[in-house]
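Subject: Structure handover and findings

Hello,

Here is the structure I promised to pass on. Please open it alongside this note.

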Amino acid sequence: MRRLPLAATGVAAVLVLTTGSTAPAGADPVNSLSTDSIPVLTVGRFAPYAEGAKAITHDPKLVPVGAGVTVAATHVRHGGTLVLLAVRGLVPGRTYGAHAHTKPCGAAPADSGPHYQNVLDPVQPSVDPKYANASNEIWLDFTTNRHGVALSKTVVPWHFGERRAKSVVIHFEKTSTHQGHAGTAGARLACVNVAF
């Protein structure tokens with residue numbers, strides 16, 4: 001039996017509790033859940049950009065090569081979506097911002113596009129708290145413990161439609177909420193490809 005990384009084990013347990021299973025029968029429970037609908041589980045280790053990479057670090061000092069990451073998502077009751085982010089091997093005792101983005105990870109930090117928004121802000125880049133907020137976007141800010149480990153979760157009151165998020169980006173600092181800066185969190189440090 002294949003052992004799951006510590007971070008993946010905890011997130012997989014949450015998926016079992018909320019959905020009854022972590023993958024279709026016969027599927028690899030770590031890397032192969034439905035790619036066209038929730039639930040989804042992505043497990044990887046950060047590395048420099050390469051074609052087909054799951055997790056990319058743009059700043060190895062703050063998101064080291066080899067650090068682990070797990071992203072999971074599932075539907076919850078009353079039309080909501082639960083998203084979890086688990087990391088290990090990051091800088092201990094540090095706060096990071098994290099959000100779902102519209103495009104896959106690329107060689108350049110900006111390749112992952114803007115934040116995914118359930119209701120699109122007609123003005124881009126979006127810094128209006130009416131649109132750039134934790135209910136309309138997927139925010140997963142976290143603070144690592146003394147071992148560089150963190151688990152973050154959010155529940156948004158909607159399901160993905162035809163538009164899907166393609167990545168989760170880890171940012172330099174905690175997400176701002178005030179007018180004119182809402183949703184901003186500094187430089188893009190790392191990116192994880194997801195299949196929401």
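Below is what was found in it, starting with the ground rules.

This is a predicted model, where local features need pLDDT of at least 70, side-chain atom pairs count only at pLDDT 80 or more, and totals for chains, interfaces and linings use all residues. Residues are numbered from 1 along each chain as its sequence is written, and side-chain values use heavy atoms, leaving out hydrogens and water.

Overall make-up

The protein chain holds 1 helix and 9 strands. Helices (H or I, at least four residues) and strands (E, at least two) are DSSP runs, numbered from the N terminus. The order from the N terminus is α-β-β-β-β-β-β-β-β-β. Of the 196 residues, 44% are buried. Buried means under 20% relative accessible area, exposed over 50%, and partly exposed in between (1.4 Å probe, protein chains only). Contact means heavy atoms within 4.5 Å. Among contacts between residues at least 6 apart in sequence, 63% join residues at least 24 apart.

An open sheet is formed by 5 strands in the order 2-9-8-5-6, with antiparallel pairing. Strand 2 (55-57) and strand 6 (142-143) stand at the edges with a single partner strand each, so one side of each has no neighbour in the sheet. Two strands pair if DSSP finds at least two bridges between them.

Strand 8 (residues 167-171) is worth a look. All 5 of its 5 residues are buried, so strand 8 is largely enclosed by the rest of the structure. In a regular strand, side chains alternate between the two faces of the sheet. Here both faces are covered: Ser167, Val169 and His171 are buried on one side, Val168 and Ile170 on the other. Strand 8 pairs antiparallel with strand 5 (residues 95-101) over 5 bridges. His99 has Val169 as its bridge partner there. Strand 8 also pairs antiparallel with strand 9 (residues 188-193), over 5 bridges.

Ile56 stands opposite Cys191 of strand 9.

The disulfide

How many disulfides does a search of the whole structure find? The count is 1, with a disulfide defined as a pair of cysteine sulfur atoms within 2.5 Å. Cys105 is joined to Cys191, S to S 2.0 Å. The pair links distant parts of the chain: Cys105 is in the loop between strand 5 and strand 6, Cys191 is in strand 9, and they are 86 residues apart. The link of Cys105 and Cys191 is left-handed, with -85 degrees about the S-S bond. Cys105 and Cys191 are both buried.

In strand 3 (68-76), 7 of the 9 residues are buried, so strand 3 is largely enclosed by the rest of the structure. Strand 1 (residues 40-45) is joined to strand 3 by 6 bridges and runs antiparallel to it. Leu41 has Ala72 as its bridge partner. Strand 3 and strand 4 (residues 80-88) are antiparallel too, joined by 9 bridges. Thr70 is partnered by Ala86. Strand 3 and strand 4 form a hairpin with 3 residues between them, and His78 in the turn has a positive phi of about 65 degrees.

Rings and charges

Rings of Phe, Tyr and Trp (its six-membered ring) pair if their centres lie within 6.5 Å; planes under 30 degrees apart count as stacked, over 60 as edge-to-face and the rest as tilted. By this rule there are 5 aromatic pairs. Trp158 and Phe160 have ring centres 5.4 Å apart and planes at 90 degrees, so the pair is edge-to-face. Trp158 is buried at 6% relative accessible area, and Phe160 is buried at 10%. Ring pairs link Tyr116, Trp158, Phe160 and Phe196 into a cluster.

A charge sits over a ring if NZ of Lys or CZ of Arg is within 6 Å of the ring centre and within 35 degrees of the ring normal. Arg94 lies over the face of Tyr96, 4.8 Å from the ring centre. Arg94 also lies over the face of Phe172, at 4.7 Å.

Best regards
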